[in-house]
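Hi everyone, thanks for making the time. Let me put the model up on the screen, and then we can walk through it together.

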Amino acid sequence: MITGRLFGVGVGPGDPELLTLKAVRILQESPVIAYVSADGRPSVARRIAAQHLLPGHLELNLALPMLPLPELAQAAYDEGASRIGSELEQGHDVAVLCEGDPLVYGSFAHLFDRLGERYPTEVVPGVVSFTAAAAAARQPLVGRTQTMAVLPATLPRDALAAQIGRTDAAAILKLGRHLAKVRQVIFELGLLEQAIYVEHASGVGERVLRLVDLTADEAPYFSLLLLPAGRPS
């Protein structure tokens, strides 16, 4: 039986013009568009891609509870995968909108685990938040043989400090309520002056400033810190 194709489509960090030509083509050719919304709030991924969508799309809004209860999240992904699978079984291509890149801290990975072996699947990479943040800050991150780590702010304090200490540059994502902890770690490592704070990179409300000039103890979900490496010799 011929089924539909599953696409995980990265829509980038916020600016609708950062979608790739391939992403726009697939969105406009797919009869079904799916996206995740958290706790009933409008989908950020859909908002980013909205100007590229066409009338007549069937839209699947996959609600995801943002609670520290893994069983609820897994049940939500099971239900979302079932709804997408039903469309694929009918021969309909389904494009899943993904903020940033589908396989970098993305919800699509959970859907891919459930559907990727059963249906023809293609992943369309997208611009990730930390490269958009570097562009907004006009700040090179690494060069030559320098190394870089992408770290979640949710790491315990000691683990975060150890990871930063093992690399030349870092991007620390998912700041939110962890900002005060991360700031203290960076201060203790003697890196406060070089850290750059960026929120809503490339999107509405973009804000860029040095961490030392930021007074808040909490940050929006779509915020991150950059720790650039020094200029390579």
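Let me start with a question: is Arg210 buried, partly exposed or exposed? Arg210 is partly exposed, with a relative accessible area of 38%. Buried here means under 20% relative accessible area, exposed means over 50%, and partly exposed lies in between, with a 1.4 Å probe and protein chains only.

Before I go on, some housekeeping. This is a predicted model, so local features need pLDDT of at least 70 and side-chain atom pairs count only at pLDDT 80 or more, while totals for chains, interfaces and linings use all residues. Residues are numbered from 1 along each chain as its sequence is written, and side-chain values use heavy atoms, with hydrogens and water left out.

Back to Arg210, then. Its side chain meets that of Asp213 in a salt bridge, at 3.2 Å from N to O. By salt bridge I mean a side-chain nitrogen of Lys or Arg within 4 Å of a carboxyl oxygen of Asp or Glu. Asp213 is partly exposed too, at 44% relative accessible area.

Helices and strands, by the way, are DSSP runs numbered from the N terminus: H or I with at least four residues for helices, E with at least two for strands.

Another salt bridge pairs Arg114 with Asp78, and here the closest N and O atoms are 2.7 Å apart. This one links distant parts of the chain: Arg114 is in helix H4 (residues 108-115) and Asp78 in helix H3 (residues 70-89), 36 residues apart. Asp78 is partly exposed, with a relative accessible area of 44%, whereas Arg114 is among the buried residues of H4, along with Phe108, Leu111 and Leu115. What covers them includes E1, E3, H3, E4 and E5.

That brings us to the sheet. It is open, with 5 strands in the order E3-E2-E4-E1-E5 and parallel pairing. Strands count as paired if DSSP finds at least two bridges between them. The edges are strand E3 (58-64) and strand E5 (121-124), each pairing on one side only.

What about E1? With 5 of its 5 residues buried, E1 is largely enclosed by the rest of the structure. Leu6, Gly8 and Gly10 point one way, and Phe7 and Val9 the other. Strand E1 (residues 6-10) is joined to strand E4 (residues 94-98) by 5 bridges, with Leu6 partnering Val94. Towards E5, E1 has 4 bridges, and Gly8 stands opposite Val123.

To finish, one more arginine: Arg183, found in helix H7 (residues 179-188). Arg183 is buried, at 16% relative accessible area. Leaving out residues up to four places away in sequence, Arg183 touches Leu192, Leu211, Leu214, Thr215, Ala216 and Asp217, where contact means heavy atoms within 4.5 Å. Thanks, all!
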